[in-house]
Amino acid sequence: MSKKYTPEFSRIVNTEEQVSKKEKIILEASAQERAALAKRFELVSIDSLTAELTIIAASNGEVTVRGPMHAQIVQSCVTTLEPVPEMVEDEVKVLFSPHVSEEDMPSNPDDLEDLSEDELMALLDQPEPLVDGKIDVGEVVSQFLAVAMNPYPRKDGAELPEAALIEEEADEERPNPFAKLAGLKEQLEKKK
């Protein structure tokens, strides 16, 4: 029996109950939600996470969610593991459609392996499924945060430790075994 996943920062908007065609909402993650998201994204901390979103419903049932997202996060430096603060700002923009089903979407990363670049780009342009008129805008903001933050944070002035540099230099000094094979092949061809 599988457990249903509950996002750490969940804010469900029921677009079918939306009074106007255009509504603004302001989201702010609580300390508990930020701590859970930091754990999910393997961050030192998320000190703030806010978004000011506009939800626009079209007459064909499609819904656009857009607006600025701001976060203050702390990650570990990839070189020294020291804390690296970062201000993350991004523009959320997602189209949801009731005409797209979840079955049309890849459910697992392995499903993407055999797709061409054109097919992958078409998937990126495809609207997200709108199921029962509900959108978890908190999870949308969380996903935009994950994509927008620096994947390789580095503290100013951070350098590789001496041991790593010595190992790197040793790799450069080692003879290439394929170069020896190439030389052997040349010698054999000359004997013919």
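Arg11 is partly exposed, at 25% relative accessibility. It lies in the segment before E1, while Glu33 lies in helix H1, so their pairing ties together parts that are 22 residues apart in sequence. The contact between Arg11 and Glu33 is a salt bridge, with the closest N and O atoms 2.7 Å apart. Glu33 itself is buried, at a relative accessible area of 15%. The model is predicted.

The structure holds three salt bridges. Another of them links Glu8 and Arg40, whose closest N and O atoms are 2.8 Å apart. Glu8 sits in the segment before strand E1 (12–14) and Arg40 in helix H1, so this pair ties together parts that are 32 residues apart in sequence. Glu8 is partly exposed, with a relative accessible area of 21%. Arg40 is partly exposed too, with a value of 31%.

Arg40 also meets Glu139 in a salt bridge, at 2.8 Å from N to O. Here helix H1 supplies Arg40 and helix H3 supplies Glu139, so the pair ties together parts that are 99 residues apart in sequence. Glu139 is buried, with a relative accessible area of 11%. Through shared partners, Glu8, Arg40 and Glu139 form one network of salt bridges.

Now the overall fold. The protein chain has five helices and seven strands. Along the sequence they follow the pattern β-β-α-β-β-β-α-β-β-α-α-α. Of the 192 residues, 31% are buried. Among contacts with a separation of 6 or more, 68% join residues 24 or more positions apart. The chain exposes about 13700 Å², and carbon and sulfur atoms supply 52% of that area.

Five of the strands make an open sheet in the order E2-E3-E4-E5-E6, with mixed pairing. Strand E2 (22–28) and strand E6 (128–129) stand at the edges with a single partner strand each, so one side of each has no neighbour in the sheet. Strands of a sheet pair through backbone hydrogen bonds, in either a parallel or an antiparallel sense.

This sheet shows both senses. Strand E4 (residues 63–76) and strand E5 (residues 83–97) are antiparallel, over 14 bridges. Val63 has Phe96 in E5 as its bridge partner. Gln75 has Val84 in E5. Six residues lie between the strands in this hairpin of E4 and E5, and Leu81 takes a positive phi near 70°. E5 and E6 pair in the parallel sense, over two bridges. There Ser97 stands opposite Pro129 in E6.

Helix H1 (residues 31–40) lies across E2 and strand E3 (45–57), and runs at about 100° to E3. Helix H3 (residues 137–148) packs on the sheet and touches E2, E3, E4 and E5; its direction makes about 130° with that of E5.

Thr54 lies in strand E3. Its relative accessible area is 10%, so Thr54 counts as buried. Beyond residues up to four places away in sequence, Thr54 touches Lys22, Glu23, Lys24, Thr64, Val65 and Arg66.

Glu62 lies in the loop between E3 and E4.

Methods. Residues are numbered from 1 along each chain as its sequence is written. This is a predicted model: local features need pLDDT of at least 70, side-chain atom pairs count only at pLDDT 80 or more; totals for chains, interfaces and linings use all residues. Side-chain values use heavy atoms; hydrogens and water are left out. Helices (H or I, at least four residues) and strands (E, at least two) are DSSP runs, numbered from the N terminus. Buried means under 20% relative accessible area, exposed over 50%, partly exposed in between (1.4 Å probe, protein chains only). Contact means heavy atoms within 4.5 Å. Accessible areas come from the Shrake-Rupley method with a 1.4 Å probe; for residues, only the protein chains shown count as cover. Two strands pair if DSSP finds at least two bridges between them. Axes are lines fitted to C-alpha atoms, for helices over the stretch in contact, and angles run from 0 to 180 degrees between N-to-C directions. A salt bridge is a side-chain nitrogen of Lys or Arg within 4 Å of a carboxyl oxygen of Asp or Glu.
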